[in-house]
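Biologist: I have a new structure open and could use a guide. Can we go through it together?
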Amino acid sequence: MESERVYRWGFIGCGKIANDFALVLNFLESAQVYAVAARDIGRAQAFAILHGAKRYYGNYANLVSDPLVDIVYIATTTESHAEHAILALNAGKHVFIEKPVALSVEDIVKIKVLSREKGLFCSEAMWMRFFPAIEYSRKIVESGDIGEVQQVRADLSFDLKRDEGLNSPTWKTGGSFDAGVYPIHQALIFGGSNIKEADCAGVIDGYGFGQVAAGAMHIHFEGSSTAIATWSILYEGAEEMDIYGSKGRIRVQAPAHSPTCLSLIKYGGSRRNPKNVVETQVFHLPSIQGEFNFPSSEGLIYEAAAVQRCISAGRTECPQAPMDESLLAIQLLSECDRIIKSREN
């Protein structure tokens, strides 16, 4: 029997999320943290030693030129994602890009077209989409158990200043492209991509960065279904998701961006005398050793395994995270950012 192929991953960037992703890759028998590149070669060397990478580089071009690298994972700052994705694709490498893929619709289109022209895998590392709780929620919705979806409500809000201070690179691009991508993606997963109209409101940070720090979007899909997405990097929020159907609803418990628990509520009786049936599902994370930076980071293993399965099957993207929905999410958020900034000015 032929043994399972081992994929050699190259890392562009070695920050907090890269650390967490490397920990889960080393847990996968079919994956290897093979190489890492950073502008500071000392950081790349330290990362390589910590995670057992065989190669480290002081520039990104050398990494993508390494003939033994199979997949390039891009975990640089958000504004650099597009540049580094294009660099890797032009070198003939499959790419897996941390969310968001890019900050503009134009850049995402370029990346998608280039990957398709070269027949290479390209997908967004929107890890939430790969969690078993989200996959299970999809199946419930598709089965009709909660009837027709009427509304999706999703939130991701946290206090970035408390967690990382004012030196975090997130302040430079704002909350929409860091926190907002999650509830918007949740709205698209369960509400669909046929959008009739969308409205938004929000506030600019009060620290001089001039970026949107908190926002809310109301989406009206074709038909009668809607979605309400809220996000913030100024305060802690509920970070839950509700999917309301005509016959029931799904409550995805916090943290909904990396969920491990949900409740399925099937309606019964009347409003005065409800006889709802509640089923709770818990999806335990794998036990992986290491110093993780973010909640539920062990769940990064779901997307890592999915990427390798898709490449083995000759796919150019993951069905859980289609590039068209990554594009639509940024289209919505970019317009929202523009509107909020224009109102503030």
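Biologist: How much of residues 138-251 is helix, and how much is strand?
Modeller: This is a predicted model, so keep that in mind. Over residues 138-251 the chain is 27% helix and 39% strand. The end C-alpha atoms of that span are 13 Å apart.

Biologist: What does UniProt place at residues 138-251?
Modeller: An unreviewed UniProt entry puts the feature "domain: GFO/IDH/MocA-like oxidoreductase" there.

Biologist: Let's go inside. Which residues touch the most other members of the largest nonpolar core?
Modeller: W9, F11, F21 and I184 do. That core has 115 residues. As background, nonpolar side chains in soluble globular proteins tend to be buried together.

Biologist: Pick F11. What is F11 in contact with, beyond its neighbours within four places in sequence?
Modeller: Its contacts include A18, F21, A22 and L25. V33, A35, V36 and A37 are also among them.

Biologist: Switching to helices. At what angle do α5 and α11 pack?
Modeller: At about 170 degrees, with their axes 9 Å apart. Helix α5 covers residues 105-118, and helix α11 covers residues 323-344. The two helices are therefore roughly antiparallel to each other, since the angle is over 145 degrees.

Biologist: Which residues make the contact?
Modeller: From α5, they are V105, I108, V109, I111, K112 and R116. From α11, they are M323, D324, S326, L327, I330 and Q331.

Biologist: How do the residues of that contact divide by type?
Modeller: There are 7 nonpolar, 2 polar and 3 charged.

Biologist: Staying with α11, is D337 buried or exposed?
Modeller: D337 lies in helix α11, and this residue is buried, with a relative accessible area of 5%. Leaving aside neighbours within four places in sequence, D337 is in contact with S176, F177, Q211 and V212.

Biologist: New topic: cis peptide bonds. Which residues does the one with omega of about -15 degrees join?
Modeller: It joins K99 and P100. P100 is in the loop between β5 and α5.

Biologist: And where is P255?
Modeller: P255 sits in the loop between β12 and β13. A cis peptide bond joins A254 and P255, with omega of about -5 degrees.

Biologist: What about backbone angles? What is the phi of E239?
Modeller: It is positive, about 50 degrees, although E239 is not a glycine. E239 lies in the loop between β10 and β11.

Biologist: Is E239 buried or exposed?
Modeller: E239 is buried, with a relative accessible area of 13%. S296 has a positive phi too, about 65 degrees, and is not a glycine. S296 lies in the loop between β14 and α10. At 15% relative accessibility, S296 counts as buried because the cut-off is under 20%.

Biologist: Last one. Where is T170?
Modeller: T170 lies in helix α8, residues 170-173. T170 is buried, with a relative accessible area of 13%. Beyond neighbours within four places in sequence, T170 is in contact with L160, D178 and I233.

Biologist: How far is T170 from A254?
Modeller: Their C-alpha atoms are separated by 22 Å. Along the chain, T170 and A254 are 84 residues apart.

Key. Residues are numbered from 1 along each chain as its sequence is written. This is a predicted model: local features need pLDDT of at least 70, side-chain atom pairs count only at pLDDT 80 or more; totals for chains, interfaces and linings use all residues. Side-chain values use heavy atoms; hydrogens and water are left out. A nonpolar core is a set of buried Ala, Val, Leu, Ile, Met, Phe, Trp, Tyr and Cys residues joined through side-chain atoms within 4.5 Å. Buried means under 20% relative accessible area, exposed over 50%, partly exposed in between (1.4 Å probe, protein chains only). Contact means heavy atoms within 4.5 Å. Axes are lines fitted to C-alpha atoms, for helices over the stretch in contact, and angles run from 0 to 180 degrees between N-to-C directions. Helices (H or I, at least four residues) and strands (E, at least two) are DSSP runs, numbered from the N terminus. Angles under 35 degrees count as roughly parallel, over 145 as roughly antiparallel, 65 to 115 as roughly perpendicular and the rest as oblique. Ala, Val, Leu, Ile, Met, Phe, Trp, Tyr, Cys and Pro count as nonpolar, Asp, Glu, Lys and Arg as charged, and the others, Gly among them, as polar. UniProt positions are given in the numbering used here, feature names are shortened, and annotations may be inferred rather than shown by experiment.
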